[in-house]
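Dear colleague,

Please find the structure below, handed over for your review. A summary of the findings follows it.

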Amino acid sequence: EEHIFTFLDVKRYSNKMANVFREYGIGRGDRVMLVLKRHYEYWFAAVALHKLGAVMIPATHMLTVDDFVYRINASGVKAIVCTAQDDVPSTIMQALGKSEKTPRLWCVQKDVEGFFNLTSQMETASDVFDRVETSAADPMMLYFTSGASISPAVEACLSVGMLSMPLRTRYLYTVGGAQNEVTPYRLITVTSCFGSKLSKSYIITALPISHCPYIFPHDALAQ
């Protein structure tokens, strides 16, 4: 099944989803885990959480019960939005039985016992969303790194990291015209552009031979 959405659609549906989240108490700084595979609802949920100032925690559907227990306890999630496929809801329910947390539970596209149907709630919600005050210094995402299991580390990504994207796009694809194109394999990123230590992150890319290598510190974005 194929769905085609415009940017206006993403705005409308993310507004709807943000209103659903807010109705159930999700707000700025709250952490919400998304286990949505390739469902289109992922994109609406991601944008909706950004609009609320909430923190998104992407997670794979292949996590085990113990993986979920660790992530739920370590991150202090207030809600979980998941796929109905691959027994994910059952795995999450088993994990909650071993966890100290009691997050709000949503599933997409299907009615699942113990879960709200987020897709249905989104369809009936208002598409008018009142702006929430947020800050570029707010955390935007949390990632569990260093492997899929065995107590992985948690990496926080700040909203200000998104400011580096236009710069990366500009120097990843073209520099001053087609004759000076910089191909993707010539781009080297030193430390994550979305890491928590943005002041120490740099983008290094090899420009044409007639130019010397260029270094762009994140501090320069403020200028």
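**Aromatic contacts and a buried glutamate**

Arg-71 lies over the face of Phe-144, 5.2 Å from the ring centre; a charge sits over a ring if NZ of Lys or CZ of Arg is within 6 Å of the ring centre and within 35 degrees of the ring normal. The charged end of Arg-12 likewise sits over the ring of Tyr-13, at 5.5 Å from its centre.

This is a predicted model, in which local features need pLDDT of at least 70 and side-chain atom pairs count only at pLDDT 80 or more, while totals for chains, interfaces and linings use all residues. Residues are numbered from 1 along each chain as its sequence is written, and side-chain values use heavy atoms, with hydrogens and water left out.

The structure holds 11 aromatic pairs (rings of Phe, Tyr and Trp, the last by its six-membered ring, with centres within 6.5 Å; planes under 30 degrees apart count as stacked, over 60 as edge-to-face and the rest as tilted). One of them joins Phe-21 and Trp-106, which counts as edge-to-face because the ring centres are 5.2 Å apart and the planes stand at 70 degrees. This pair links distant parts of the chain, 85 residues apart: Phe-21 belongs to helix H1 (residues 7-23) and Trp-106 to strand E4 (residues 104-107). Helices (H or I, at least four residues) and strands (E, at least two) are DSSP runs, numbered from the N terminus. Both Phe-21 and Trp-106 are buried (under 20% relative accessible area; exposed is over 50%, partly exposed in between, with a 1.4 Å probe and protein chains only).

Tyr-70 and Phe-144 also form an edge-to-face pair, with 6.0 Å between centres and 70 degrees between planes. Here helix H3 (residues 65-75) supplies Tyr-70 and strand E6 (residues 139-144) supplies Phe-144, 74 residues apart. Tyr-70 is partly exposed, at a relative accessible area of 28%, whereas Phe-144 is buried at 13%. Elsewhere, ring pairs link Phe-5, Tyr-13, Tyr-40 and Phe-44 into a cluster.

Glu-41 lies in helix H2 (residues 41-52) and counts as buried because its relative accessibility is 1%. Its side chain makes polar contacts with the side chains of Gln-109 (3.0 Å) and Thr-119 (2.9 Å). A polar contact is a pair of N or O atoms within 3.5 Å; within protein, one must be able to donate a hydrogen and the other to accept it, and residues adjacent in sequence count only if both atoms are side-chain atoms.

Yours sincerely
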